[in-house]
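The following exercises concern a single protein chain and the contacts between its side chains.

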Amino acid sequence: MSSSSASSITGKALTGSHVLKIDGYSRTTGIGTGNCVKSRPFTAGGHKWCLEYYPDGYNSTYGSNWISIPSPSGRGWPIRALYKISLLDQYGQPGSIKAESSKCCTFNTLAIHGSYKFIKNEDLLKSAYLKDDSFSIRCDITVVTEIVAEDVVVATAPAVGLGVKKEARGV
């Protein structure tokens, strides 16, 4: 009698999101390249995070509206996480035009991840995302909490035409 088995590997995760509203956008520009304004701290995936908004760009290479996610405060490094940064439309929904998702990143004491070329100032000024000198960004963070291997129950198909009866295992 033959036997078969199967297993699965599952990445378990916790997800959270934060909305950052830039109100008075025109008054946030001009603070200088490399200067940022930080959001209030928020919790996602069991860790405290913040967003860094660089209205004049992070550096001369990455100009205009750079959004970064520095490593979360506290302990527990390294932290493996995915993030998605989206501009929100006037109804608070993620826009179909401007959203950036990451692959799984490792955040540690030195890591900064983010959207290096989120949206140029001139493109934002022409867009429907900027309304009454304000726009909003949503950041979704999914923290990988553990990766586990689990057994999977396999149903075997009966042998056809061989006169051999196989026992099916429950699904």
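The chain comprises two helices and eleven strands, where helices (H or I, at least four residues) and strands (E, at least two) are DSSP runs numbered from the N terminus. The model is predicted, so local features need pLDDT of at least 70 and side-chain atom pairs count only at pLDDT 80 or more, while totals for chains, interfaces and linings use all residues. Residues are numbered from 1 along each chain as its sequence is written, and side-chain values use heavy atoms, with hydrogens and water left out.

**Exercise 1. The chain as a whole**

State the order of the elements and the share of buried residues in the chain.

Solution. Step one: read from the N terminus, the order is β-α-β-β-β-β-β-β-β-β-β-α-β. Step two: of the 171 residues, 36% count as buried; buried means under 20% relative accessible area, exposed over 50%, and partly exposed in between (1.4 Å probe, protein chains only).

**Exercise 2. Aromatic pairs**

Determine how many aromatic pairs there are, and describe the geometry of the rings of tyrosine 25 and phenylalanine 135.

Solution. Step one: set the rule. Rings of Phe, Tyr and Trp (its six-membered ring) pair if their centres lie within 6.5 Å; planes under 30 degrees apart count as stacked, over 60 as edge-to-face and the rest as tilted. The count by this rule is two aromatic pairs.

Step two: take tyrosine 25 with phenylalanine 135. Their ring centres are 5.6 Å apart and their planes stand at 75°, so this pair is edge-to-face. Because tyrosine 25 belongs to helix α1 (residues 25-28) and phenylalanine 135 to strand β11 (residues 134-152), the pair ties together parts 110 residues apart in sequence. Both tyrosine 25 and phenylalanine 135 are buried.

Step three: take tyrosine 53 with phenylalanine 135. This aromatic pair is also edge-to-face, with 6.2 Å from centre to centre and 70° between the planes. Tyrosine 53 is in strand β5 (residues 52-54) and phenylalanine 135 in strand β11, 82 residues apart. Tyrosine 53 is buried as well.

Tyr25, Tyr53 and Phe135 are linked by ring pairs into a cluster.

**Exercise 3. Salt bridges**

Find how many salt bridges the whole structure holds, and examine the one between glutamate 150 and lysine 12.

Solution. Step one: the search finds four salt bridges, each being a side-chain nitrogen of Lys or Arg within 4 Å of a carboxyl oxygen of Asp or Glu.

Step two: the side chains of glutamate 150 and lysine 12 form a salt bridge at 3.7 Å, N to O. Glutamate 150 lies in strand β11 and lysine 12 in strand β1 (residues 6-23), 138 residues apart. Glutamate 150 is partly exposed at 32% relative accessible area, and lysine 12 is partly exposed, also at 32%.

**Exercise 4. Buried or exposed?**

Classify each partner in the salt bridge between lysine 38 and glutamate 52 as buried, partly exposed or exposed.

Solution. Step one: the side chains of lysine 38 and glutamate 52 meet at 3.8 Å, N to O. Step two: lysine 38 is in strand β2 (residues 37-38) and glutamate 52 in strand β5, so the pair ties together parts 14 residues apart in sequence. Step three: lysine 38 has a relative accessible area of 54% and is exposed, whereas glutamate 52, with 7%, is buried.
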